[in-house]
Amino acid sequence: MRFGIISTAKIAREDVIPGIQRSDHTVAAISSRSRDRASEVAETLGIDGAFGDYETMFAEADIDVVYNPLPNALHAEWSQRAADHGLDVLCEKPLAVDTAEAVDLFDYCAEQGVTLMEAFMYQFHPRTRRAREIVENELGEVHTVDASFKFALSDHEDIRLDPELAGGSLMDVGCYAVSAARGFLGEPDRAFAHARDSRDSGVDTNLSGILSYDDGQVASISCGFDGPRRESYRVEADDGWLEAKDCFGPDHDQSVSLTYSVDGREVTETFEPVDHYQLQVEAFADAIESGETPLVDQAETFGNMRAMDALARSADTGEPVEVASPE
């Protein structure tokens, strides 16, 4: 399949475009608000087509799929515009600013007859699938999950600090922690969170929260833009535990591991380097070609957004919030 990229964002340049190029698919075009910038990136990365605006690329480029890494507040608008041209859409996480917008976007794309998927690349890494398999099949009853994604954001002008663009640590990296917790525990019933704005930016630069379940299970969520990098999840069960570090964004040439213990027997499993961006692209293209539902489907996206919405509301009000139930 032929991909068109909207924007020259870092994640596109350094991760997704190389991932596509390692696959059997191609990047046929890239667009930017600056034609010169698009041309520069196209030349550097070996992309044939460069366009000075997104709409022109949709209309004129020979592409099948659009990859959308624009700022969060622009995801829905430009994914819809791509769908208007009959183009399937792989859109960066979070897919939308809230659950309602995500629902509208999936409905819109369905009406246009195009496939939409939220780009949660870590879910395509073999370690993620293996961790969920171990928790489901080898550990006993799980009672606690702790998931965290933090890093130091040094640029005080970064778009992730802009409330008009739906910035904030929950939206940027907290969505991974929420996704990990839900992957082990399912959909939570309530949320309670506290947020800090250390930059006086109008968005959360740190957030800590609890997702609780009616059966007593609890997930602890933490995310932030201050302090050293931390990517981890740990699952605690009645008879053991499972833990993984560097779990959301390992490099394509980085081997990774997970460790788990059942009844005192400790095991570490190591995974050879893979490019989970490449695996994501290949799985998305296969779903389009086969007409099957993508791995990260609308139910997965809606579940994550509902939990994030509840955490955000709780942080705003200082009170526990019920997580909305699927309709």
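The charged end of Arg234 sits over the ring of Trp241, 4.4 Å from the ring centre. Arg81 does likewise with Trp78, its charged end 4.2 Å from the ring centre. The criterion: NZ of Lys or CZ of Arg within 6 Å of the ring centre and within 35 degrees of the ring normal.

Some ground rules. This is a predicted model, where local features need pLDDT of at least 70, side-chain atom pairs count only at pLDDT 80 or more, and totals for chains, interfaces and linings use all residues. Residues are numbered from 1 along each chain as its sequence is written, and side-chain values use heavy atoms, with hydrogens and water left out.

Next, ring on ring. The whole structure holds 13 aromatic pairs. Rings of Phe, Tyr and Trp (its six-membered ring) pair if their centres lie within 6.5 Å; planes under 30 degrees apart are stacked, over 60 edge-to-face, the rest tilted. Phe106 and Phe302 have ring centres 5.4 Å apart and planes at 90°, so they are edge-to-face. They link distant parts of the chain: Phe106 is in helix H5 (residues 99-112), Phe302 in helix H9 (residues 298-317), 196 residues apart. Helices here are DSSP runs of H or I, at least four residues, and strands are E runs of at least two, numbered from the N terminus. Phe106 is buried at 8% relative accessible area, and Phe302 is buried at 12%. Buried means under 20%, exposed over 50%, partly exposed in between, with a 1.4 Å probe and protein chains only.

Phe120 and Tyr122 are also edge-to-face, 6.1 Å centre to centre with 75° between planes. Both are buried.

Now pockets. A pocket is an open set of points on a 1 Å grid over the protein atoms alone, where a 1.4 Å probe fits, with protein on both sides within 12 Å along at least five of seven lines; lining residues have an atom within 4 Å of a point. Volume is the space filled by probe spheres set on the points, which are joined across faces, edges and corners.

The largest pocket is about 1,400 Å³. Of its 48 lining residues, the closest to the centre are Ala9, Lys10, Ile11, Arg160 and Asp172. Which helix supplies the largest share of that lining? H1, with 7 residues.

The second largest pocket is about 290 Å³. It has 17 lining residues, with Gly167, Leu170, Asp204, Ala312 and Asp316 closest to its centre. H9 gives the most to this lining, 6 residues.
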